[in-house]
Amino acid sequence: NEMREPEVGEFLTHLVVNGHVAASTQNQALSALLFLYDKVLDKPLDQVHGVVRAKRPQRLPVVMTVDEVRAVLQQLCGIKRLVCELLYGGGLRLEEGLHIRVKDLDFGANQITVRDGKGQVDRVTMLPQVIQPSMRDHLDQVRDLHQRDLSDGFGRTTMPFALARKHPNANLQWCWQYVYPSTRICRDRRTGLMYRHHLHDSTISNAIHAAVVSSGVTKKVSSHTFRHSFATHLLAAGYDIRTVQELLGHKDVRT
């Protein structure tokens, strides 16, 4: 009863001034206190004013050189390498890369259609010719896997909810299968049906971490570093910034 908005504000300021906590820690403390007063004590707080807010550090993105990209990729093999080659060659986010379906690859136009990217916006980006032979071989293996699944009474993949309701059997079709399917078939709790989802993102993230260590690259590399490197290398090669912006799917050229 004695501690209200002024005391909460002083505590949050103390965390920054004396505790030197990060902005995320201060925000977490505020959220916890708001929940405590609202849900536990049943005495919701009003606006908390006069708080010294922690500043989020403005960090430059990590970018690898072409040689560093090559060194990391050389430590990868199979499907993990192909995923990373597509992240770098198309400037994809990891989630976007793993969500690519067979129908999204256009070998004739050397293009990838990215569905429901950040902001729920579709876009088109590059499908590099250099990885197309490996991609075709990989798709042959994925098709064989899909045929075996169908023969075993499975063969379904997950679909956007509205499409799944409108076309209930489309998830059996080859064109809707994920380019990078999971190694396991899982049961959907809602429908009871068995589905083959896409590869889990942790599989790729862990592989990248191990490859970076083995390659000797000392930069802090993640899956997103391939995307940053893609953009930087295109600009260095003479591509105009508007084209790069469209390939990345950024609304603001400054980002």
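Predicted model: local features only at pLDDT ≥ 70, side-chain atom pairs only at ≥ 80, totals over all residues.

Q: What domains does the protein have, and how far apart are their C-alpha centres?
A: The domain assignment gives domain 1 (1–58) and domain 2 (66–248). The C-alpha centres of domain 1 and domain 2 lie 41 Å apart.

Q: Which strands make up the sheet, and in what order?
A: The open sheet has 3 strands in the order β1-β2-β3, and the pairing is antiparallel.

Q: What makes β1 and β3 edge strands?
A: β1 (105–106) and β3 (123–126) each pair on one side only.

Q: How do you know that β2 and β3 count as paired?
A: Two strands pair if there are at least two bridges between them. Strand β2 (residues 111–114) is joined to β3 by 4 bridges, so the two strands meet that condition. They run antiparallel. One of the residues involved is T113, whose bridge partner in β3 is V124.

Q: Why are α4 and α8 called roughly perpendicular?
A: The axes of helix α4 (residues 78–90) and helix α8 (residues 201–215) cross at roughly 90 degrees and come within 10 Å. Angles of 65 to 115 degrees count as roughly perpendicular, so α4 and α8 get that name.

Q: Which residues make this contact of α4 with α8, and how do they divide?
A: K80, V83 and C84 of α4 touch T203, I204, A207 and I208 of α8. The residues of this contact divide into 5 nonpolar, 1 polar and 1 charged.

Q: Which residues of α4 and α6 meet, and how many of them are charged?
A: I79, L82 and L86 in α4 meet S134, M135 and H138 in α6. The residues of the contact of α4 with α6 divide into 4 nonpolar, 2 polar and no charged.

Q: What describes the packing of α4 with α9?
A: Two packed helices are described by the angle between their axes and the distance between the axes. For α4 and helix α9 (residues 223–236), the axes cross at roughly 35 degrees and come within 7 Å. α4 passes α9 in a right-handed crossing.

Q: Which residues make the contact of α4 with α9, and how do they divide?
A: From α4 come C84, L87, Y88, G89 and G90, and from α9 come S223, F226, R227, S229, F230 and H233. The residues of this contact divide into 5 nonpolar, 5 polar and 1 charged.

Key:
Residues numbered from 1 in each chain as written. Heavy atoms only, no water. Domains from an automatic or database assignment. Axes fitted to C-alpha atoms, helices over the stretch in contact; angles between N-to-C directions. Parallel < 35°, antiparallel > 145°, perpendicular 65-115°, else oblique. Contact = heavy atoms within 4.5 Å. Nonpolar A, V, L, I, M, F, W, Y, C, P; charged D, E, K, R; others polar. Left-handed = near helix turned anticlockwise from the far one by under 90°.
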